[in-house]
Structure formats: C-alpha cells, structure tokens
Number of protein chains: 2
Amino acid sequence: MVNQRMLGLGTARSVIRELFEYGKIRAAQVGAENVFDFSLGNPSVPCPQEVNDTAVRILREQPEVIHCYTSAQGDQEARQRFADSLNRRFGTCYTADQFYITVGAAASLCCVFNGLACPGDEFVVFAPYFPEYKVFIEGAGAKMVLIPPEIEGFQIDFDAFEAAISEHTKSVVVNSPNNPSGVVYSRETLERLSAILTEKSRAYGHPIYLISDEPYREIVFSGFQVPWIPQLYPDTIVCYSFSKSLSLPGERLGYVLVPASVTDSREVYAAVAGAGRSLGYVNAPSLFQQVTSLCCDLTSDLAVYERNAKLLVPALREMGYHCVEPGGAFYLFPRSLEPDDMAFSERAKQFDLLLVPGSGFGAPGHVRIAYCVQTDMIQRALPKFKALADSYR
Amino acid sequence: MVNQRMLGLGTARSVIRELFEYGKIRAAQVGAENVFDFSLGNPSVPCPQEVNDTAVRILREQPEVIHCYTSAQGDQEARQRFADSLNRRFGTCYTADQFYITVGAAASLCCVFNGLACPGDEFVVFAPYFPEYKVFIEGAGAKMVLIPPEIEGFQIDFDAFEAAISEHTKSVVVNSPNNPSGVVYSRETLERLSAILTEKSRAYGHPIYLISDEPYREIVFSGFQVPWIPQLYPDTIVCYSFSKSLSLPGERLGYVLVPASVTDSREVYAAVAGAGRSLGYVNAPSLFQQVTSLCCDLTSDLAVYERNAKLLVPALREMGYHCVEPGGAFYLFPRSLEPDDMAFSERAKQFDLLLVPGSGFGAPGHVRIAYCVQTDMIQRALPKFKALADSYR
C-alpha cells in the first residue's frame with residue numbers, strides 16, 4: 001500500500017546505526033568508558049565560540065526579520081559572503097548568483113542529482129564511497145555505476161574507470177578528503193581524472209560533470225593538499241556543507257556552487273534550484289544562513305583529528321594492521337584481519353571495539369574507524385586493538 | 001542536458017514571485033508606502049519573545065550538544081513534547097514514535113507524498129489549492145486530480161469529488177484553514193468527507209488516506225472551529241509546520257503525525273521516514289527542534305489577522321466585492337470584478353494593489369489577498385480598492 005522502495009529505506013537499519021545502538025546497550029552493561037565506539041562520523045569538537053555568539057547576537061539584534069523566508073536560493077548577502085570567502089582563498093571570482101544554499105550536504109547532492117538526471121543517465125562513484133550516494137542517485141531516477149577500490153592507496157583505478165564511462169555517463173562523483181578512507185586525492189590523480197573526463201566529454205559530445213562532494217574540505221593534515229577542483233576541471237559542481245568544518249551537523253547548512261566555467265551553467269543552476277523546489281526545500285534555515293556565512297572563514301579546532309590520526313596509525317601498523325595513510329577527514333580504513341569484514345567486525349565487538357564493515361562502503365576486506373572521538377579514548381582502545389590482532393595469530 | 005522538468009521548475013517564476021518583484025520596483029518609483037502588496041503569505045507579526053529567549057538560552061547552556069545530528073525522525077524529547085501538547089489540547093494519546101519531525105510543511109508533504117505514492121496512484125486536491133501541491137505530487141511520481149471549487153462557500157463539491165474517486169485514489173489532501181480562500185471546513189463538511197472516504201475505502205478494498213495540511217491550524221477567528229480531523233477520520237495523516245503559528249517560516253520546522261488509528265500505521269511511518277532519507281532530509285534543524293518543541297503551546301500574537309479580516313471584509317463588500325467569509329489563516333479570496341482574473345489583477349496594479357490571480361490556485365475568477373500586513377496598510381488601501389471597483393462601473 002505504501003511505496004515499497006521508501007518502506008525499505010525507512011525500515012532497513014544501517015549497519016552503522018545498528019553498531020551505534022549496540023554500543024549504547026553494551027555501555028549500559030559494562031560502562032561507557034569500556035566501549036570503544038568508532039561507528040559514527042559525528043564531530044567531536046564543538047563549534048567555534050563565535051558561531052554561538054553570532055547566533056545570539058542576531059537573535060538579539062534582528063529578532064523580527066531573522067526568521068522570515070529567504071529567497072529559495074538563499075539570502076543574497078549570505079551567498080555573497082560564501083563567494084567572497086572562496087575568492088579570497090582560491091583566487092577565483094565567483095559571484096553570489098552561482099551559489100544555491102542548501103539544507104546540508106545530503107540536500108546539496110540530492111538537488112544536483114535530481115537537477116541533472118535524465119532517464120537512462122549514469123552517475124559514476126568510486127569505492128570506497130558514502131553509501132547514501134546510491135540512495136540519492138536512485139532516488140533521482142538514475143543509475144549508480146560503482147568503480148572498485150584501488151586498495152593500495154585509495155586513489156583511482158583508472159583502467160576500471162575508463163572502461164565504465166559510456167555515452168550514458170552524466171556525471172562522476174568525487175569525495176576528497178574521503179569518507180570512509182580518509183584519503184586525499186593527489187593532484188596527479190585529479191589531473192589524470194580531469195584529462196580523461198575532458199577526452200570522454202569530447203568523444204561523447206556532451207559534458208561529463210564532476211560533482212565534488214566536499215564536507216571534509218577543511219580537515220586536511222600537514223603534508224597534504226586538497227586542490228581546488230574547479231581549477232583542474234571546469235565542469236565541476238561543488239557540494240559543500242558546514243557540518244564538519246564548523247561542527248554543525250544538526251543544523252543542516254551547506255551550498256551548491258555552479259561556477260560559470262560549467263557548461264550551460266545557468267541551466268544547471270536553474271535545474272538544481274528546480275530540484276530543490278520539487279523536493280520541498282523551500283529555503284535553507286534562515287538563522288544559520290546568516291551564522292555560517294558570517295563565520296565561514298572560521299573552523300572548529302580541527303587539529304584534534306590530526307593528533308588522533310598520528311596516534312592511531314603508527315600504533316595500528318605496529319600491531320600488524322595495514323592502513324593507507326589518511327590525509328584528512330576523520331576516518332581510517334584498515335584492512336580487516338580476515339577476508340570477511342563482517343566477521344571481523346563481529347570479532348572486534350568481543351573486544352568492545354565498534355568498527356564498521358567496509359562492505360557497505362563498496363570495499364569488502366576493510367573496516368572504517370571513525371576517530372572523531374576524544375584522544376584518550378583512542379589511547380585506551382589501543383590495547384583492545386592489540387588483543388584483537390593477537391586473537392588472529 | 002539537464003532534467004527538463006527541474007529546469008522548468010527552476011526557470012518558471014511563479015506569478016506570486018513576479019508580483020512581489022514588481023512591487024519592489026514600483027516601490028522604488030513611487031515610495032513603499034504607496035504600494036499595497038498583498039502578494040506574499042509571510043507572517044506580519046514577530047515570533048513570541050520566548051522563542052528567541054529559548055534559542056539564546058539553549059545556545060548558552062548547551063553550546064556543544066545542541067548542534068549534533070539528531071535521529072532521523074527527530075529528537076525523542078522534542079517529539080514527546082509535540083505529542084504531549086496535542087494530547088492536552090485534543091484529548092488524544094499520541095506517542096513520540098508517531099511523530100516525524102521535518103524541515104517545514106513542504107518537507108512534511110513531500111515525505112508523505114513520496115512515502116505513499118506507488119506507480120499509477122492519484123492524489124485528490126480541492127480547488128482552490130496551494131499550487132506547490134502539484135509540484136510535490138508529480139515529483140513523487142503520482143498524479144494530482146483536481147476537484148473544481150465550490151465557489152459559494154469554498155467547502156467541497158461532493159458530487160464532483162465522488163465522481164473523481166477511483167481505485168487509483170491513494171489519498172485526498174485537505175487544507176483548512178485554507179490557502180488561498182481563508183475558509184475553514186465546517187464539521188459538517190468534514191463528516192461528510194469522512195463518510196464518503198470510509199465508504200470508498202471499503203468499496204475499493206484499500207484505505208484512502210486523508211492528508212491534512214495544517215500550517216494555519218492556530219489561526220482561527222471567533223465563531224469558527226477547526227475540528228481535529230483524525231478524530232473524524234481515522235486514516236488521517238497530519239502535516240504541520242510552525243511557520244505561521246510561531247512566525248518562523250525561514251527556520252523550516254514542522255512534523256508529520258501518523259496516528260496509530262491509520263491503517264498500517266507503522267508501515268506508513270516507515271515509508272515517510274524512508275522518503276525523508278531518499279530526499280536528503282537527514283534531520284530537521286537541531287536547535288529549532290528544541291526551540292519549537294519547548295514553545296509549541298505558544299503562538300505569535302495572531303489576533304492581528306482577525307482584526308485585519310474584520311476591517312477588510314465588510315469594507316470590500318460595501319464596495320461591491322463578493323467575498324466568502326474567511327474563518328482563519330490570513331487570506332481573502334474575493335471574486336474578480338471581471339471574469340478574467342489575470343486582467344483584473346493587471347487592472348489592480350494600476351491602483352498599486354498587488355493581488356494574485358486565482359487561476360494559479362485552480363479557481364479562475366478570483367484573486368487572493370494576503371492580508372498578513374500592517375493594519376494601517378489595509379486602511380490606506382481601502383480607497384484604492386474603492387477606485388478599482390469604481391473603474392468597473
């Protein structure tokens with residue numbers, strides 16, 4: 001009687017959510033300090049003080065106007081601030097009318113997928129990948145084409161990629177720094193990707209848009225650089241969110257940027273906005289449009305994530321775990337110590353380590369460690385990781 | 001190259017938006033005080049002081065936790081507060097797990113339409129109607145079936161309604177108090193609607209869900225009553241928003257209530273939640289989940305809308321306009337003084353009166369007056385309405 005796809009989506013509990021719920025039950029049994037929950041990507045550092053101060057100031061100074069509808073694409077001044085900030089950082093010359101403010105990263109992606117997707121279109125995604133991509137792409141009536149992981153470095157398997165591109169390819173999605181691998185795509189990777197997309201666009205006679213999903217853009221470790229992708233490939237559409245950079249995941253605030261360099265950029269922008277309308281996104285929350293745009297040059301104290309990585313990676317390697325070096329975000333994606341990552345995740349639970357199996361991210365044989373946790377929890381978890389490794393000897 | 005439906009939705013400017021933009025240009029020419037803009041349904045009274053005070057208090061007292069993800073259906077305590085509030089008012093016994101907190105009324109409707117719609121399904125809507133219903137229903141892959149207006153009282157043309165119901169009817173949408181007519185459905189209307197739906201559900205062997213879109217529930221004038229619809233028809237799904245009751249349209253906060261009385265209520269709820277997931281609604285904004293649920297027994301000072309109505313309706317009738325008595329909301333929907341409501345709206349612009357043609361609401365021969373404006377603007381506008389009427393003599 002109801003839509004069966006939606007029923008399935010609303011009924012199926014994600015593996016991540018199941019682990020998290022298990023962790024809460026287990027914590028009640030053995031104490032929260034004895035459960036090492038690495039399941040959720042919830043920022044562990046608070047937003048900058050200035051974010052809350054700005055919110056309070058606006059509520060005090062503009063109590064009557066701050067809660068009004070904004071235009072559907074977002075407040076003009078807020079969009080201008082986003083443009084100014086990127087222009088300062090990347091030497092670009094974006095304008096306010098290239099920004100469409102959204103209810104967070106998921107909304108950014110949904111508006112772009114729905115705005116672009118025509119019947120028969122394919123969207124290419126690289127494993128390991130954020131599993132909701134599939135939900136969003138299929139919700140837009142398109143097909144997701146998954147490229148198997150390049151497991152040595154979690155860059156791109158270009159042979160598999162080239163073979164997967166066809167006349168049906170509407171778009172390719174990248175996410176760097178990556179969830180779940182923590183890896184940053186190198187400039188070389190992005191330049192080669194750009195060259196292939198340019199050639200294939202020419203071969204098929206239509207642009208293949210690159211969708212750059214960048215919620216982790218600001219979380220980058222020393223020695224790594226995240227190139228500004230639209231400068232490497234002109235047909236890049238940027239999806240951003242302040243969930244991670246300002247630790248505001250619950251407030252749902254992000255944007256889509258359609259640079260003028262994008263082929264048919266005004267049509268793409270209009271289609272994104274039309275999709276927002278069709279999906280019921282009237283406008284992004286008005287108070288936080290102002291707050292995030294006034295604070296968009298700030299970040300939370302993100303250094304903790306690099307400290308956690310620097311503690312975790314060498315220790316795990318010492319124990320025999322194979323870890324690709326993370327360059328940002330707050331995830332590590334080591335190989336499981338047996339081929340079946342589901343079984344490995346189950347075994348880890350015996351040591352009260354909650355690790356998400358990689359299969360759900362399109363990369364079996366791995367587990368995701370979300371280390372956006374207090375550093376002392378990592379320190380206390382290391383003996384558990386050691387015991388888990390020893391159990392395989 | 002882009003999705004043509006989305007391009008159309010993003011390119012087409014709504015008549016309302018065009019009038020509003022015209023008003024801004026005209027105001028620059030003749031002064032804002034000389035333009036009588038009745039185009040937009042933006043609340044004219046501020047939110048209660050307590051709303052902003054509550055937001056400030058939470059930002060001060062819980063600066064670290066308030067911005068975290070909530071569960072997809074919304075914070076448990078917030079949902080419990082919504083349930084408690086309705087239970088106090090209507091003597092019901094709703095529970096938190098029947099509420100799905102949304103990013104406003106449009107999101108509520110989109111989640112319900114997408115959760116329910118199966119291929120071939122039809123959703124019945126009564127004219128005059130909020131035009132985005134069509135966008136949302138078609139976005140869910142279903143068909144909107146429009147019942148012509150019953151223009152004497154803007155209740156329901158039951159003959160047309162009964163003739164329109166078929167085995168394909170999944171659901172019927174009501175909106176009382178109504179945008180654009182301002183009319184409240186009488187208990188008699190709703191009881192007859194319920195009787196027909198009960199009979200038709202039995203005849204076709206499946207429930208026909210009633211979707212009650214209630215953003216204007218609290219804006220009801222003396223002498224009128226808005227019955228609690230789930231008590232009249234058990235298969236009612238309620239879509240609510242705080243945009244009007246708390247004057248928070250920009251913050252995007254509402255809910256879907258699936259009472260236990262609804263057939264297959266847990267499946268319906270799961271499908272609504274699944275639709276929210278597919279559409280990219282991760283959770284409703286976290287700060288305002290708390291603020292609205294802590295303030296959900298309050299309203300803005302809504303009395304101004306009734307004062308405006310009491311000023312406007314008799315004056316317009318005196319001038320010869322035919323107005324159905326509004327019972328709530330902040331709209332009046334008089335007949336245009338010539339059959340072509342587009343031409344009438346154009347003529348009104350000559351008197352700097354901005355009135356939205358009724359054709360877009362499925363009721364040609366009428367115009368919508370959104371009187372959510374300062375009362376003195378109505379007083380100053382009355383001579384203009386008089387001159388407009390005189391121009392037809």
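This is a predicted model: local features need pLDDT of at least 70, side-chain atom pairs count only at pLDDT 80 or more; totals for chains, interfaces and linings use all residues.
How many residues does the contact take from chain B and from chain A?

1. Residues are numbered from 1 along each chain as its sequence is written, and chains are lettered from A and ligands numbered from 1 in the order in which they are written.

2. To the opening question: 61 residues of chain B and 61 residues of chain A take part (two residues are in contact if their C-beta atoms, placed from the backbone, lie within 7 Å). On the side of chain B that touches chain A, H9(B) gives the most, with 10 residues (helices, H or I, have at least four residues and strands, E, at least two; both are DSSP runs numbered from the N terminus).

3. Chain A is divided into domain 1 (4-47 + 301-390) and domain 2 (65-294), with bounds from an automatic or database domain assignment. Their centres, taken over C-alpha atoms, are separated by 26 Å. Domain 1 of chain A brings 26 residues to the contact and domain 2 of chain A brings 29 residues.

4. Look next at the open sheet of 3 strands in chain A, ordered E9-E12-E11 with antiparallel pairing (strands pair if DSSP finds at least two bridges between them). Strands E9 (331-332) and E11 (356-357) of chain A each have a single partner strand, so one side of each is left without a neighbour in the sheet. E9(A) is joined to E12 (residues 367-370) of chain A by 2 bridges, and Leu332(A) has Ile369(A) as its bridge partner in E12(A).
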